[in-house]
Amino acid sequence: MTKKNYQLKYYNINNFETIPQLQALSDDQKHTMRVISHVLPFRTNNYVINELIDWNNIPEDPMFQLAFMQHEFLSKKQFNQVASAIHQTNYPDKLKRVIHKVRAQLNPHPAEQLVHNVPLLAGTPVPGLQHKYRETALIFPTAGQTCFTYCTFCFRWPQFIGEKQLKFATDQSQLFFQYLKHHKEITDVLITGGDPMIMSARHLDKLISPLLSNDYKHIQNIRIGSKVLSFWPYRFITDQDADQYLYIFEKVNKSGKHLAFMAHFNHWRELETEATQEAVQRILTTGTSIRCQSPLLRKINDDPNIWQQMWQTQVKLGMIPYYMFVERDTGPKSYYEIPLVKAYEIFRQAYQKTSGLARTVRGPSMSAAPGKITVEGIEEIAGEKVIQLKFLQSRNPEWCNKIFYAKYNDKACWLSDLVPAFGKQVFFFEAELLKSTVNSVNNKDNIDVTPVSLSY
Ligand SMILES: *Cc1c(COP(=O)(O)O)cnc(C)c1O
Ligand code: SF4
């Protein structure tokens, strides 16, 4: 049975020590959390603590790894710098400087998002919008820039910390509506965050309803990217706005557009609770489709059996497996990273064991500067061992679905670790990509984006 009147309660660095189960943590582990949460954001909630984490199996439990910080997130040097600055309470400025420096070392903007992807409208940057692939624009609504729990591996972490120049969200001008109206090539709007489902139904409606009007006929699909089904399924069951959310979803589908709920699940364990299964069923009754995506993460899901079971359960519950991502080059990446060759093997082994209904999934996919690129195979061609790669999405639409090859390298974890096969100097797209970087850098408007975060 799902619980009645389950009230969301957050834990953060100020009250995490009141979590009863945390008594199982050693003093050293608690110290680790205190130190690292000065640099990276920490937040979790009572559902994750009580229903997801197996407290008899910490720290190995994948749901624990998903929510709680581990010592290896920072290098020894970084950890010690922060720990000693915390102790010097007389020098708060020093602590700020140290934190700032360590954060900068953690690559807060992977794939150069700020340089490339903020669109201009009549020469003015459009705050909170990203438009990288022709058909799809991303909206980062200000009211949706937090989450029900912060995943320790999240590449969006700069959104959750207080440094303004790392933030990225819509502002009061709502310029993004003008942009969407004028760009008829956009068929899909993806509302993302943070977690947009943190917004009240009223805020979500303010964002979605205008898109149903005649000005936006070209927009066919509205997508919501969210981890709420894993972290707080009661959003759709007993929360005050539960029925309103479902009403909005239904309204989109009845208007002739399609609502696609892009759900983030990392492990089949997240699909096992009755609350999650009930929330999934409630969403499906509105005509919404649910597509599932997750990064591949060491210590959380680096095993083909986990993926096989996750995809099969998703299909059984009426959801559609969509993407397996390679963890991005940001934050505590070295803790989670898996070589591309191994990622490919995990994907292949899981994929082979499912029926065609689960083979809608694609991956392992890197969201890199030129586009989304999958590892498609390991082969030997003309006596050379190579990695076969393919564009699933590309900055230049002409590159999409194109196959290309890199020299075999079993240590490489990202596109930047690979070099072209067959003695080539550069990958086929590099010259053009470099040109577009130069253009953006010369365009002062485009890089000096400091979106102001105002609640609307
Ligand atoms: C992944 C992604 C999209 C959506 O791509 P689909 O393949 O259509 O799901 C859009 N914009 C950006 C920047 C992305 O990274
Ligand atoms: S739910 Fe998504 S945006 Fe939020 S912390 Fe997790 S990965 Fe990041």
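This short talk goes through the surroundings of two ligands in a predicted model.

A word on conventions before I start: local features need pLDDT of at least 70 and side-chain atom pairs count only at pLDDT 80 or more, whereas totals for chains, interfaces and linings use all residues. Side-chain values use heavy atoms, with hydrogens and water left out, residues are numbered from 1 along each chain as its sequence is written, and chains are lettered from A and ligands numbered from 1 in the order in which they are written.

Let me begin with ligand 1, whose shell consists of Lys132, Tyr133, Thr136, Leu138, Arg223, Tyr322, Tyr323, Lys372 and Gln393, where a shell residue has a heavy atom within 4 Å of the ligand. Strands S5 (129–133), S6 (136–139) and S11 (320–326) each contribute at least two residues to that shell, strands being DSSP runs of E, at least two residues long, numbered from the N terminus.

Turning to polar contacts, meaning pairs of N or O atoms within 3.5 Å, a polar side-chain atom of Tyr322 lies 2.7 Å from an oxygen atom of ligand 1, and for Lys372 the corresponding distance to an oxygen atom of the ligand is 2.8 Å. In the side chain of Gln393, an N or O atom is 3.1 Å from an oxygen atom of ligand 1. Taken alone, ligand 1 exposes 390 Å², of which the protein buries 86%, with accessible areas from the Shrake-Rupley method and a 1.4 Å probe.

Now to ligand 2, which is surrounded by Cys147, Thr149, Tyr150, Cys151, Cys154, Phe160, Gly194, Lys227 and His264.

Definitions and conventions: A polar contact is a pair of N or O atoms within 3.5 Å; within protein, one must be able to donate a hydrogen and the other to accept it, and residues adjacent in sequence count only if both atoms are side-chain atoms. Helices (H or I, at least four residues) and strands (E, at least two) are DSSP runs, numbered from the N terminus.
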